[in-house]
Amino acid sequence: IVNFSSPTAGLINCSFPFLSGEGDRLLISIPPQTGLPALPHGASVTSVCRLLGAEGLTALFAAVLTECKILIHSADVANLAMVAEVVTALIYPFQWQLPYVPVLPLSMSGYIEAPLAYFFGVPSFNFKSIDKALLMDVVVIDLDNGFSSPDYFDGRRNGRATKTPDPLPALVSSNISKAVFRLLRVEEEFDEQFGASHFSDERHLPRLEGESLAEREFRIAVAQQICGLVRGYQD
């Protein structure tokens, strides 16, 4: 039906003319060699799970997968980049295709008014200068607020109205939560056995080695749940 030469060996992404449209092209990509996207550093998955907790992680997944406007903020800029990179990697095989700025400069804060979905992160100091009236349709998450409390969405505090994402299906949310608890339990047992946690904030420090076996198993478990969301999907 469509005639084209075979791709050059070694290409990761390629594009072919598709049908008769002037701009219609078929984009083909091969998955990463490891089968899953790269992560910022070793222990990043565990660090994000500790920071967000099961409830916070599933809520952020829900916001990303339903393409909400997302604004995360934290006093620690490193947490912004780490959470954004890990969450967008964990939705594999999906990819976040909309505006994405893990650390948004104050000079670009006007982009928060954009009419399309986005994923932005801002330092909490800059967040204070944003007009809260602009956040009515934005999922705003404070990474420094305990996700075990009922007010982890900024919209549930101080009378400020922000958007709450539609939740994931109950079974998917439950399975991801169980995977989070399992990962944290294994990592805590490892820390206790080998005395890895000498400092209270060590979880924020990257380690040189790659992800642990527990983190790898967690990513696979999450990928299975994400893929399960499209089971039975019809156009």
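## Reading a fold, one feature at a time

Author: Welcome! Let's begin with a helix, H1, which is mostly covered: 18 of its 22 residues are buried. Please keep in mind that this is a predicted model.

Reader: Happy to start there. How far apart are the end C-alpha atoms of H1, and what would a straight helix reach?

Author: The ends of H1 are only 21 Å apart, whereas a straight helix of its 22 residues would reach 32 Å at 1.5 Å a residue. Just after H1, Glu67 takes a positive phi of about 50 degrees.

Reader: Let me step back. How many helices and strands does the chain have?

Author: There are five helices and six strands. Along the sequence they follow the pattern β-β-α-β-α-β-β-α-β-α-α. Of the 235 residues in the chain, 40% are buried. Another number to look at is how far apart in sequence the touching residues are: among contacts between residues at least 6 apart, 64% join residues at least 24 apart.

Reader: Now the sheet. In what order do its strands lie?

Author: Four strands make up an open sheet, in the order E4-E5-E3-E6, and the pairing is parallel. Strands E4 (100–101) and E6 (138–142) are at the edges with a single partner strand each, so one side of each has no neighbour in the sheet.

Reader: How many bridges hold E3 to E6, and how many join E3 to E5?

Author: E3, residues 69–74, pairs with E6 over five bridges, and five bridges also join E3 to E5. Next along, Ser74 has Pro123 as its bridge partner in E5. E4 is joined to E5 by two bridges, and Val101 stands opposite Phe120 in E5.

Reader: How should I read the two faces of a strand?

Author: In a regular strand the side chains alternate between the two faces of the sheet. Here, Lys69, Leu71 and His73 point one way from E3, with Ile70, Ile72 and Ser74 pointing the other way. Six of the six residues of E3 are buried, so this strand is largely enclosed by the rest of the structure. In E5, Phe119, Gly121 and Pro123 point one way and Phe120 and Val122 the other, and all are buried.

Reader: Which helices lie across these strands?

Author: H1 (44–65) lies across E3, E5 and E6, and runs at about 145 degrees to E3. H2 (77–90) lies across E3, E4 and E5, at about 165 degrees to E5.

Reader: How do I find the core, and which residues touch the most other members?

Author: The general idea is that in soluble globular proteins, nonpolar side chains tend to be buried together. In this model the largest nonpolar core has 41 residues, and Leu57, Phe61, Ile70, Ile72, Val83 and Phe218 touch the most other members. H1, E3, H2, E6, H4 (170–194) and H5 (213–228) each supply at least two residues. H1 gives the most, 12 residues. There is also a second, separate core of 12 residues, which includes Leu71, Ile112, Tyr118 and Val122.

Reader: Which residues does Phe218 touch?

Author: Not counting residues up to four places away in sequence, Phe218 touches Val45, Cys49, Leu57, Leu90, Ile176, Ala179, Val180 and Leu183. Phe218 is one of the buried residues of H5, which also include Ala214, Ala221, Val222 and Gln225.

Methods:
Residues numbered from 1 in each chain as written. Predicted model: local features only at pLDDT ≥ 70, side-chain atom pairs only at ≥ 80, totals over all residues. Heavy atoms only, no water. Pairing = 2+ DSSP bridges. Contact = heavy atoms within 4.5 Å. Axes fitted to C-alpha atoms, helices over the stretch in contact; angles between N-to-C directions. Buried < 20%, exposed > 50% of the residue type's maximum accessible area, 1.4 Å probe, protein only. Core = buried A, V, L, I, M, F, W, Y, C linked by side-chain atoms within 4.5 Å. Expected span 1.5 Å × (residues − 1).
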